[in-house]
Protein chains: 2
Amino acid sequence: MFDIIAFDADDTLWQNESLYSATQMRLAELLAPYLDGVDVPARLYETETRNIPYFGYGIKSFTLSMIETAITLTEGRVTSADIRQIITFARDMIDMPTQLLDGVAEVVAQLAASYTLMVITKGDLLDQQRKLDRSGLAEYFAHIEIVADKTEKTYRTILAHYKVDAARFLMVGNSLKSDVLPVVAIGGQAVYIPHTLTWEHERVDPAYTQDARYYELAHISELPDLVKKLTKG
Amino acid sequence: MFDIIAFDADDTLWQNESLYSATQMRLAELLAPYLDGVDVPARLYETETRNIPYFGYGIKSFTLSMIETAITLTEGRVTSADIRQIITFARDMIDMPTQLLDGVAEVVAQLAASYTLMVITKGDLLDQQRKLDRSGLAEYFAHIEIVADKTEKTYRTILAHYKVDAARFLMVGNSLKSDVLPVVAIGGQAVYIPHTLTWEHERVDPAYTQDARYYELAHISELPDLVKKLTKG
């Protein structure tokens, strides 16, 4: 039996990366008149990576990185009207409805009948809270943990806080780096459900995963059966 | 006896508003060549207030508001070099050491010997976590709650989560609006320790406070004595 089944949120419960990708394309279009043959998403990714230690994850951090990238790539020629437009992109992202992934509503409702469910999500407090509120799923989750990063230490702290043994903890998510490997490393169980779009920052070298023991599912609708098997074992 | 004594963080445990004020002055100086007789802090405050529902609290939100204000007040004449400078202000704020208020280190260490202490702070996850890590106080707090806003509902949720009766909960902070009134409203006890600088957004109309029963101290060093009196009563 599991004392807690925890879910990642972005691209596990609902679409997220697609929103960032679409906004990157809007930025590339906005900057196209200034640039010639520049890979805007690649350069933006460099800025984002450099900014994570300062600004963390989420829409505001992404927006500050878009503004910096726009200034750098245009060598300062970007107009302030265009910078204002970039801030509008952020508001548009925030206004987007939460789009649940296929099968999520049914699986979450089904598992909530038998298990204590939790969300463990990384990112901006307000962004994540807002998405959860709009998802219609909040009532199914006994606990919500919004964290600055998902490391072994993060999971250890959460398990200690809820007084749950790692062996009785199951984490479900689309990121090997954040949802699977650190959980397996501390003795928990993890289910990896890949999403077609995964942010480059969440990718891991396959060499790191070969010894890790975790379950991989093609679709979240297979989760209740897997949980049933694991709890019978 | 109190099951939990909780502290607000910004301007209760450490300096915060002074950092925002100093940065506002840097923005006013940066924009001075473009403007004539404009009250930059007042106009920035308007933008911040409008942006809170979208961007929430913290340095990133403040920075996006500074950028928007700069573009609006200069009617688009602000250069992208100056906008980049505003993003540098944000990095400088993030890099600032956490400056504890006078007496805090002693009081927190003393109360931690007898009580379960908690931090309940509003704001950006990464900002607040970073300040706490740098404060040297983290070891004294059994629980850290970083929340998007501090309403009656927020406090009710936290107390339910920790299974603490409101009557056995004491909150200490510098904001009547966020730390005192909602706690008193749900049956908890609260200590108000005003700070010389309080953000306009946290001010309340005195009419709202006249019926509320809370304690007011001039300085945090008086807290242990008050706690002693309250627990004897």
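This is a predicted model: local features need pLDDT of at least 70, side-chain atom pairs count only at pLDDT 80 or more; totals for chains, interfaces and linings use all residues.
View 1. Chain A can be superposed on chain B by a turn of 180° with a shift of 0.0 Å along the axis, and the RMSD is 0.0 Å. The two copies are thus related as by a two-fold rotation axis. Both copies use the same surface, since 100% of the contact residues of chain A recur in chain B. For the complex, the predictor gives an ipTM of 0.88 and a pTM of 0.89. The pLDDT of chain A averages 93, and 95% of the residues score at least 70.

**View 2. The open sheet of chain A.** Six strands make up this sheet, in the order β3-β2-β1-β4-β5-β6, and their pairing is parallel. At the edges are β3 (143–147) and β6 (215–216) of chain A, each of which pairs on one side only. Strands of a sheet pair through backbone hydrogen bonds, either parallel or antiparallel. Within the sheet, strand β1 (residues 4–7) of chain A runs parallel to strand β4 (residues 169–173) of chain A, and 4 bridges join them. Ala6(A) has Met171(A) as its bridge partner in β4(A).

View 3. Is Ile144(A) buried or partly exposed? Ile144(A) is partly exposed, because 15 other C-beta atoms lie within 10 Å, whereas a buried residue has 20 or more. Leaving aside neighbours within four places in sequence, the contacts of Ile144(A) are Val119(A) and Leu132(A). Leu132(A) is 12 residues from Ile144(A) along the chain, and their C-alpha atoms are separated by 9.3 Å.

**View 4. Strand β2 of chain B and its two partners.** Strand β2 (residues 117–122) of chain B is largely enclosed by the rest of the structure, because 5 of its 6 residues are buried. With strand β1 (residues 4–7) of chain B, β2(B) pairs in the parallel sense over 3 bridges. In this pairing Ile5(B) stands opposite Leu117(B). Strand β3 (residues 143–147) of chain B also runs parallel to β2(B), and 5 bridges join the two. Here Met118(B) stands opposite His143(B).

**View 5. Nonpolar cores and the surroundings of Val172(B).** The largest nonpolar core has 83 residues. Those with the most contacts inside this core are Ile5(A), Ala6(A), Val119(A), Val172(A), Ile5(B), Ala6(B) and Val172(B). Neighbours within four places in sequence aside, Val172(B) is in contact with Ile5(B), Ala6(B), Phe7(B), Asp8(B), Thr12(B), Val191(B), Ile193(B) and Leu223(B). Another core, of 36 residues, lies apart from the largest one and includes Val40(A), Val78(A), Leu31(B) and Val78(B). In soluble globular proteins, nonpolar side chains tend to be buried together.

**View 6. Helix α3 of chain B.** Helix α3 (residues 59–73) of chain B has 15 residues. From first C-alpha to last, this helix reaches 21 Å, close to the 21 Å expected at 1.5 Å a residue. How many residues of α3(B) are buried? The helix is mostly covered, with 12 of its 15 residues buried. Among them are Ile59(B), Phe62(B), Leu64(B), Met66(B), Ile67(B) and Leu73(B), as well as Lys60(B), Ser61(B) and Thr63(B). After α3(B) comes Glu75(B), with a positive phi near 50°.

How values were computed: Residues are numbered from 1 along each chain as its sequence is written. Chains are lettered from A and ligands numbered from 1 in the order in which they are written. The expected span of a helix is 1.5 Å times one less than its number of residues. Copies are superposed by least squares on the C-alpha atoms of residues with pLDDT of at least 70 in both. Two residues are in contact if their C-beta atoms, placed from the backbone, lie within 7 Å. A nonpolar core is a set of buried Ala, Val, Leu, Ile, Met, Phe, Trp, Tyr and Cys residues joined through C-beta atoms within 7 Å. Two strands pair if DSSP finds at least two bridges between them. pLDDT is the predictor's confidence in each residue, from 0 to 100.
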